[in-house]
Amino acid sequence: MSQEQIDIGAAVRQVLGDSLAYLYPAAMRTAVNLSIADHLAEGPKTPREIAELVKADAGHLTRVLRFLATREVFREDEDGKFHLTTAAGLLRKDSPLPMASIVGLLTDEMYWLPAGKLEDTVRKGTTAFPDIFGSPLFDYLAEHEERGRVFHTALDDLSATENGGVVAAYDWPEQGVVTDIGGGQGGLLRAVLTANKGMDGILFDHESVVREHRLDLPELAGRWSTQAGSFFDTVPQGADLYLLKRIIHDWNDADAVRILRACRKSMAEGGRVLVIDTVVPLGNDPHPSKLSDIAMMIVFDGKERTEAELRALFAEADLKLNRIIPTTGSVAIVEAIAA
């Protein structure tokens, strides 16, 4: 067999595998919804034992677990029992890095159905989300309180997997005020204030979100407040740092500039804006930003951006990109100062 035939064969297998790749998140969602990882916490079990606990068909469950084991989510031993792996352990409800809610959101119909309409999105240049659900995402979440709770809890849990790396990577001032814009339930702000005893903080988001905050800790007493509003209109005045973690990537360029201008107008002299998002690298190598970019396209009308695109956004908002600081996760800290 020639090298060309081998290469073509590998390419055929890749195309076929990629065409069925949607089955992997479907299997992940099934495992999360059946709490498989929680049932394996005390030790390995056969599929029949698991099926009895979760009220499922043992034969079908075996096939799903065998499929997930090919990605090292669960492991099957020679006796046919399935074990937790490091990845599967993250799906436990008591995991210190809670991934079950994140998997639940990213495989939810809020993402799944728009993904099936990607061709329509590419043709029209806008998300199909309103066509499917009747309104844009954030309006839909406001109208459906339980769906909003699922969304914001998952994002706060996602933030929890990244916050330590963000806090460790940046040289925070010894004192001052940090405002977390669109900060959800306050996970990042909580981490910043815990690590920097001389700083005070403001959590800013919609009223329905900030009332679910997680800042009420004894060690943070007297050092934080919450404010409700829209970051398109105005943001808290006079802060030294404005955090925009996974916010700018939700919006098109015009809306992103509106948010940045609101921060620029409100920040104290010498203040800084920290955009904490993935930064798309040049070249063809795989990178988490390129996957996230498609998710932003199908659901939000947003996008992940290159360094050049971020510089252009900042310039329109009378800001200047000062430096990009990598973190241990997929996000980077993009620091902007007054132009």
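**Helix packing and aromatic pairs in a predicted model**

E162 is found in helix α12. With a relative accessible area of 8%, E162 is buried, because buried here means under 20%. If neighbours within four places in sequence are set aside, E162 is in contact with K245, R246, S330 and V331.

Two packed helices are described by the angle between their axes and the distance between the axes. For α12 and helix α13 (residues 187–195), the angle is about 30° and the axes are 8 Å apart. The two helices are therefore roughly parallel to each other, since angles under 35 degrees count that way. The crossing in which α12 passes α13 is right-handed. On the α12 side the contact is made by D156, S159, N163, V166 and V167, which meet G187, L188, A191, V192 and A195 in α13. Sorted by class, the residues of this contact of α12 with α13 are six nonpolar, three polar and one charged.

Turn next to helix α5 (residues 58–69), whose axis comes within 10 Å of the axis of helix α2 (residues 23–33), with a crossing angle of roughly 120°. That angle makes α2 oblique to α5. The crossing of α2 past α5 is left-handed. In α2, the residues L23, Y24, A27, M28 and A31 meet V64, F67 and L68 in α5. Eight residues of this contact of α2 with α5 are nonpolar, with no polar and no charged ones.

Helix α4 (residues 47–54) also packs on α5: the axes of α4 and α5 come within 9 Å and cross at roughly 115°. That makes α4 roughly perpendicular to α5. Here α4 passes α5 in a right-handed crossing. P47, R48, I50 and A51 in α4 meet A58, L61, T62 and L65 in α5. The residues in the contact of α4 with α5 divide into six nonpolar, one polar and one charged.

The aromatic side chains are the next topic. Across the whole structure, a search finds 12 aromatic pairs. One of them joins F151 and F300, with 6.3 Å from centre to centre and 55° between the planes, a tilted arrangement. F151 lies in helix α12 (residues 145–169), whereas F300 lies in the loop between α16 (288–299) and α17 (307–316), so this pair ties together parts that are 149 residues apart in sequence. Are the two residues buried or exposed? F151 counts as buried because its relative accessibility is 1%, and F300 counts as buried at 10%.

A second pair, F231 and W251, is edge-to-face, with 6.1 Å from centre to centre and 85° between the planes. Both partners are in loops: F231 lies between β5 (224–228) and β6 (241–245), and W251 between β6 and α15 (253–266), so the pair ties together parts that are 20 residues apart in sequence. F231 is buried, and W251 is buried as well. The residues of these two pairs belong to one aromatic cluster, formed by F138, F151, F231, F232, W251 and F300.

The last stop is M99, found in the loop between α6 (86–89) and α7 (100–106). Is M99 buried or partly exposed? Its relative accessibility is 25%, so M99 counts as partly exposed. Not counting residues up to four places away in sequence, M99 touches L90, L91 and T161. A315 lies elsewhere: M99 and A315 are 36 Å apart in space, C-alpha to C-alpha, and 216 residues apart in sequence.

Technical notes: Residues numbered from 1 in each chain as written. Predicted model: local features only at pLDDT ≥ 70, side-chain atom pairs only at ≥ 80, totals over all residues. Heavy atoms only, no water. Axes fitted to C-alpha atoms, helices over the stretch in contact; angles between N-to-C directions. Helix = DSSP H or I, 4+ residues; strand = E, 2+ residues; numbered from the N terminus. Parallel < 35°, antiparallel > 145°, perpendicular 65-115°, else oblique. Left-handed = near helix turned anticlockwise from the far one by under 90°. Contact = heavy atoms within 4.5 Å. Nonpolar A, V, L, I, M, F, W, Y, C, P; charged D, E, K, R; others polar. Phe/Tyr/Trp six-rings, centres within 6.5 Å; stacked < 30°, edge-to-face > 60°. Buried < 20%, exposed > 50% of the residue type's maximum accessible area, 1.4 Å probe, protein only.
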